[in-house]
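Welcome to this short briefing. Take a moment to look over the sequence and the 3D structure, then follow the points below.

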Amino acid sequence: MKLVPVFGLIIFTALMLYAVSDLPITHNPDVKQYYLQNALEKTGSANAVNAIVWDFRAYDTLGEETVLFAAVIAVFLIVHKKSEFKLKTLKKQIPKTKQN
Amino acid sequence: MDLIIKTITRVMFPFIILFGAYTALHGHLTPGGGFPAGATIATAFVLLLLTFRESEVEGRFPEIKLIDIKSIASLALLAIILFEFALRDKLIQYQIPMTVWSGGDTLPANIFGSIIVATGIIIIIYSLIKEEWKK
């Protein structure tokens with residue numbers, strides 16, 4: 001049973017490495033200049049770093065928040081055992097059934 | 001913990017929250033922004049969790065509600081970022097440059113981002129500390 005995730009991880013890593021190896025390695029100074037010169041005009045934010053993080057590169061930041069969200073939910077689900085939640089829901093359901 | 005640590009935690013707690021709020025609200029003008037602000041706000045709550053006993057803290061951190069707050073803030077951030085190109089130009093027209101009321105959509109994004117990061121760190125550390133208390 002443990003072989004499936006291992007093989008999945010190996011295939012995923014190989015695919016990612018293959019995809020990354022085809023990326024063009026270019027140093028583009030125009031982008032830097034554009035961000036620094038147009039940060040205040042386009043976004044109204046005086047802090048250029050903040051303008052890049054939340055405006056020019058906002059989709060990357062959204063992905064970052066998604067990763068954080070997934071990590072938090074994973075920790076919450078691992079730490080809290082299923083039995084605690086089941087007991088709480090049972091306690092809520094019992095008085096309702098007695099009334100009926 | 002000691003009486004000294006408890007007293008100093010009580011005194012420092014609102015000021016750490018205030019500094020975190022300042023970092024979030026002023027993030028588009030001075031160094032800072034959503035992520036450092038959220039980490040600063042979370043530090044205040046982690047300080048509370050480390051100094052006070054289980055019986056004193058218990059019930060004051062409802063995790064399900066924290067996850068609700070985090071989800072609502074995430075949805076708001078998603079809406080802001082998806083409709084960014086429509087929102088930004090309209091917002092900038094009504095804003096005054098180089099004041100707190102500026103920055104287009106980076107101002108609400110900073111606020112919601114700080115809420116997401118703060119609640120996330122609080123949930124993780126509270127869950128782990130709770131396990132430690134059980135032993």
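Among the contacts in chain B between residues at least 6 apart in sequence, 74% join residues at least 24 apart; contact here means heavy atoms within 4.5 Å. This is a predicted model, in which local features need pLDDT of at least 70 and side-chain atom pairs count only at pLDDT 80 or more, while totals for chains, interfaces and linings use all residues. Residues are numbered from 1 along each chain as its sequence is written, chains are lettered from A and ligands numbered from 1 in the order in which they are written, and side-chain values use heavy atoms, with hydrogens and water left out.

**Chain B as a whole**

- Chain B has six helices and zero strands, where helices (H or I, at least four residues) and strands (E, at least two) are DSSP runs numbered from the N terminus.
- Along the principal axes, the C-alpha atoms of chain B fill a box of roughly 55 × 30 × 20 Å.
- Chain B has 135 residues, and 40% of them count as buried; buried means under 20% relative accessible area, exposed over 50%, and partly exposed in between, with a 1.4 Å probe and protein chains only.

**Where chains A and B meet**

- On the chain B side, 42 residues are in contact with 27 residues of chain A.
- Together the two chains bury about 2,800 Å², with 67% of it on carbon and sulfur atoms; buried area is the accessible area (1.4 Å probe) that two parts lose on being put together, summed over both.
- The count between the chains is one salt bridge, meaning a side-chain nitrogen of Lys or Arg within 4 Å of a carboxyl oxygen of Asp or Glu.
- Arg88(B) forms a salt bridge with Asp55(A), and their closest N and O atoms are 2.1 Å apart.

**A look at Lys42(A)**

- Lys42(A) sits in helix α2 (residues 29-43) of chain A.
- Lys42(A) counts as partly exposed because its relative accessibility is 38%.
- Leaving aside neighbours within four places in sequence, Lys42(A) is in contact with Tyr34(A), Phe56(A), Arg88(B) and Ile92(B).
- Val6(A) is 36 residues from Lys42(A) along the chain, and their C-alpha atoms are separated by 47 Å.

**A look at Met98(B)**

- Where is Met98(B) found? Met98(B) lies in the loop between α5 (84-94) and α6 (106-134) of chain B.
- Met98(B) has a positive phi of about 65° although it is not a glycine.
- Most residues other than glycine have a negative phi.
- With 53% relative accessibility, Met98(B) counts as exposed.
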